Amino acid sequence: GISAMDLTSRNLTAKKSWYFMENGFVALAENVSCPSGNPVYTSMANRLLTGSVYVAESGKEPRELKPGNYSFTKIDYVYHGRTGYIPMVGDDVPIHVNVGPRIGNWASIGTGTGNITRDIFDVWIDHGTVMTPQAAGYAVFVDIDMDAMASDMKLKNLNFEKRRQQCSRCTECIFWNIRSCVLETWGDHCHDRCDYFG
């Protein structure tokens, strides 16, 4: 499946798209811009902590993260709960990971009273202040064990071709600025689709 969003939220604009496979998805954002000078973040995950969290810095073996707040550049992936999160950004773009307790207050969102504390895992891309348009992306693979994740990363391609062959063998494209396109097919097993948004 495929989905797209032409985002405008006050000063923040972006053209976002998601490409879904059987075992995950790829999320892309183009023309991310916020001329107000406010910092911009892309959340890859924000969920209850359900076990250990691992990070594989570029070219290194994965290591477990203890509770705390972390900032990385040049990472291959973050792994938690049989799910791998792979940032697709420049080497100088910070990736933040938070592991551990967070306190929330129900009254702040108008649904009750009192504080609640839960252990949380979240990971996000820090775009900083985006005065000129930027691009970013990430991939998420679900129901994958860490050994398979590490093995795929060593191949530098996460077996995208193998995974594509196991899916419906379709090519998914989003074009924001053209009215028509031509896609070539390979044999009888590939069904290509071109969607235009904008």
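This is a predicted model: local features need pLDDT of at least 70, side-chain atom pairs count only at pLDDT 80 or more; totals for chains, interfaces and linings use all residues.
The protein chain holds two helices and 14 strands. Of its 198 residues, 33% are buried.

Four of the strands form an open sheet, in the order E4-E11-E10-E7, with antiparallel pairing. The edges are taken by strand E4 (39–48) and strand E7 (68–72); each has a single partner strand, so one side of each is left without a neighbour in the sheet. On average, and with direction ignored, neighbouring strands of this sheet are turned by 35° against each other. Strands of a sheet pair through backbone hydrogen bonds, in either the parallel or the antiparallel sense. In the sheet described here, strand E10 (residues 95–105) is paired with strand E11 (residues 115–129) in the antiparallel sense, over eleven bridges. Ile95 has Ile125 of E11 as its bridge partner.

Nonpolar side chains tend to be buried together in soluble globular proteins. In the present model the largest nonpolar core comprises 20 residues, and the members with the most contacts inside it are Val78, Tyr85, Val97, Phe121 and Val123. At least two residues of this core are supplied by each of E4, strand E5 (53–57), E8, E10, E11 and E12. Another core, of eleven residues, lies apart from the largest one and includes Tyr77, Tyr79, Ile86 and Ala139. Tyr85, one of the residues with the most contacts inside the largest core, touches Met44, Ala45, Arg47, Tyr77, Val78, His80, Phe121, Val123, Ala139 and Val140, when residues up to four places away in sequence are not counted. Among these neighbours, Val78, Phe121 and Val123 are likewise listed with the most contacts inside the largest core, whereas Tyr77 and Ala139 belong to the core of eleven residues.

A pair of aromatic rings is described by the distance of the centres and the angle of the planes. The count of aromatic pairs in the model comes to four. In one of them, the ring centres of Phe20 and Phe25 are 5.8 Å apart and the planes stand at 45°, so the pair is tilted. Phe20 counts as partly exposed, with 38% relative accessibility, and Phe25 also counts as partly exposed, at 21%. Phe25 is paired with Tyr138 as well; here the centres are 6.1 Å apart and the planes are at 75°, so the pair is edge-to-face. This pair links distant parts of the chain, since Phe25 is in strand E3 (residues 24–33) and Tyr138 in strand E12 (residues 134–142), 113 residues apart. Tyr138 has a relative accessibility of 10% and counts as buried. Phe20, Phe25 and Tyr138 form one aromatic cluster.

Asp76 is located in strand E8 (residues 75–80). With a relative accessibility of 15%, which is under the 20% cut-off, Asp76 counts as buried. The Asp76 side chain reaches the backbone nitrogen of Gly59 at 3.2 Å. Gly59 is also among the residues that Asp76 touches, together with Ala56, Glu57, Ser58, Ile86, Pro87 and Met153, not counting residues up to four places away in sequence. Of these, Ile86 is a member of the core of eleven residues.

Terms used
Residues are numbered from 1 along each chain as its sequence is written. Side-chain values use heavy atoms; hydrogens and water are left out. Two strands pair if DSSP finds at least two bridges between them. Axes are lines fitted to C-alpha atoms, for helices over the stretch in contact, and angles run from 0 to 180 degrees between N-to-C directions. Buried means under 20% relative accessible area, exposed over 50%, partly exposed in between (1.4 Å probe, protein chains only). A polar contact is a pair of N or O atoms within 3.5 Å; within protein, one must be able to donate a hydrogen and the other to accept it, and residues adjacent in sequence count only if both atoms are side-chain atoms. Contact means heavy atoms within 4.5 Å. Rings of Phe, Tyr and Trp (its six-membered ring) pair if their centres lie within 6.5 Å; planes under 30 degrees apart count as stacked, over 60 as edge-to-face and the rest as tilted. A nonpolar core is a set of buried Ala, Val, Leu, Ile, Met, Phe, Trp, Tyr and Cys residues joined through side-chain atoms within 4.5 Å.
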